[in-house]
Amino acid sequence: MIRIYNTLSQRKEEFKPLEAGKVRMYVCGMTVYDFCHLGHARVLIAFDVVTRYLRHRGFDVHYVRNITDIDDKILRRAEENGETFTALTERMIEAMHEDEAKLGILSPTEEPRATSFIDEILAMIRVLIQKDYAYAADNGDVYFSVNAFKGYGKLSKKKLEDLLAGARVDIAEAKRSPADFALWKAAKAGEVSWPSPWGDGRPGWHIECSAMATGCLGNTFDIHGGGPDLLFPHHENEIAQSEAATGETFVKVWMHAGAVRVNKEKMSKSLGNFFTIREILEKYPPEIVRYFLVSSHYRSQVDYSEENLEEASRTLTRLYQALRGLVPSKDAPEGESDALFHAAMDDDFNTPEAITVLHAVVSDINLHRRERRDEEARASAAVLVRLGKILGLLQQDPEAFFQAGSSESLSADEIERLIEARKQARKDRNFAEADRVRDELASKGVILDDSREGTSWRRG
RNA sequence: GGCGCGGUGGCAGAGUGGUUAUGCAGCGGACUGCAACUCCGUUAACGCCGGUUCGAUUCCGACCCGCGCCUCCA
């Protein structure tokens, strides 16, 4: 039985898909006006693992992750850059796909874009107006009337009165209530726009997700996910719009990832304390970044720091070290390790607990190797690779992992040559020379590992 | 102010009403020409104060501290 923490009920619930064997999931993706940062990676990887695990357990997962390719920030940035907004968004979408590929993030089943759902968006707004959940204001905007939807606040546990009391919401003259939000924004002169019954304009931020989610997955679907800062108002508004329009439950399970922090503060665009994925990948191999994120539970916050990445690096090194020079068995039957791994993942995708199973398997492998039980070692290696795959880890050739360093001071050929020289020196019992060679390599970031089979190397 | 989450050994990070998670780091030993890798052993924790209980890090209450959302943000 798989249990998932549902933000709506604030507890873990047994997961029962609407349709047996099938899972329909929507995750809020990027607004493509800048490069992805680590916070995006957090969400991307969290739901990548969810998808991988559910598929591993036999579910047919229909994973939809949208791209927001029209909004105020995009228009502003494009203008600053002196390029068209489509040039900007195309560039950023391409960059995002590169980042994802490097981090081993599987493509979603569908990746709808807001600009290709304008018809659906307009249709939904029309229904909302017909049902008196929305109104066209004098300024050309169309607003959702929050007071008209009685379930408003059920996701974020906020009361309308409290929201109004806080009153940091945008008080626009045209709104009937300060908490009302735009479904359609009237275009200013010269702005990109689409024609509508209420005048030329563009969709509001929230309506696009309602239109794309229901358009791709139906009025009701199983899982909706996203970052922690989308819970309110974005997801709350999605519920209001969708349920008001369809009269049906929008989503069964709401999942939210924890924030990525830097120096105890949330990494965010507005604080300017964010690190883009590509910046980080200049310093650390992608699998280490992935390991770092997966080594804490998806709902808890993680602190980005050099020390934490370094630790992830050392730990992942241990995992790959176990696989080094071993050819995993063709088919290793599922056993106790798989059962333990599943038990951890069944409990709200408890990846830190699942990783302990990986470490136990590593210990098995190392013991088998030490005692020269090659078949057992290869069988355990197969288990390790199989379980690692569910987390998107350990799929590389170990040598490739160890030798693909950024320190390009020495080529692989030069390293091999020095290792040969050291081998000869050791044969001649000239240990001073052998150690000199080893130190020379170490000074250039190359660590040697001697074993019965010979000497291997890695970039440290 | 409202709502929500959290405080675990040097660090990271799970979990449990009673039996040392796990990893990194440290320490001792084995292996090694010496190291590295690996193995064996080992040190070390549950914010504070009450309550419930035979027994609480785990349940309940208060308190302190930190974080997030309430405004665009994954």
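Which residues line the largest cavity? Point 4 takes this up. The notes below concern a predicted model, in which local features need pLDDT of at least 70, side-chain atom pairs count only at pLDDT 80 or more, and totals for chains, interfaces and linings use all residues. Residues are numbered from 1 along each chain as its sequence is written, chains are lettered from A and ligands numbered from 1 in the order in which they are written, and side-chain values use heavy atoms, without hydrogens or water.

1. Domains. Chain A splits into domain 1 (18–257), domain 2 (261–402) and domain 3 (412–459). These bounds come from an automatic or database domain assignment. Taken over C-alpha atoms, the centres of domain 1 and domain 3 are 56 Å apart.

2. Surface near the RNA. RNA strand B is surrounded by 61 residues, and W205, G227, L230, M267 and E353 are the closest. Of the atoms of RNA strand B that come within 4 Å of the protein, 62% belong to sugar and phosphate. A residue counts as near if one of its heavy atoms lies within 4 Å of the strand. Helix α12 (residues 351–370) gives the most to this surface, with seven residues. Helices (H or I, at least four residues) and strands (E, at least two) are DSSP runs, numbered from the N terminus. By class, the surface near RNA strand B has 15 nonpolar, 23 polar and 23 charged residues. Here Ala, Val, Leu, Ile, Met, Phe, Trp, Tyr, Cys and Pro are nonpolar, Asp, Glu, Lys and Arg are charged, and the others, Gly among them, are polar.

3. One base nitrogen is 3.1 Å from a polar backbone atom of G39. S270 places a polar side-chain atom 3.1 Å from a base nitrogen.

4. Largest cavity. The whole structure has one cavity of 30 Å³ or more. A cavity is a set of points, on a 1 Å grid over the protein atoms alone, where a 1.4 Å probe fits but cannot get out; lining residues have an atom within 4 Å of a point. The largest cavity holds about 100 Å³ of space, the volume being that filled by probe spheres set on the points. Its lining is R42, I45, A46, V49, V50, L293, V294, S296, Y298, F349 and T351. Helix α1 gives the most, with five residues. The lining comprises eight nonpolar, two polar and one charged residue. Domain 1 and domain 2 each supply at least three residues.

5. Second largest pocket (an open set of grid points with protein on both sides within 12 Å along at least five of seven lines). Its volume is about 690 Å³. It has 25 lining residues, with R324, G325, R369, S451 and E453 nearest its centre. Four residues, the largest share, come from α12. The lining divides into four nonpolar, eight polar and 13 charged residues. Domain 2 and domain 3 both contribute to the lining, so the pocket lies between them.

6. Aromatic pairs. There are 13 in the structure. Rings of Phe, Tyr and Trp (its six-membered ring) pair if their centres lie within 6.5 Å; planes under 30 degrees apart are stacked, over 60 edge-to-face, the rest tilted. F15 and F59 make an edge-to-face pair, 6.1 Å centre to centre with 65° between the planes. F15 sits in the loop between β2 (11–14) and β3 (22–27) and F59 in the loop between α1 and β4 (60–65), so the pair ties together parts 44 residues apart in sequence.

Technical notes
Polar contact = N/O pair within 3.5 Å; in protein donor to acceptor, adjacent residues only side chain to side chain.
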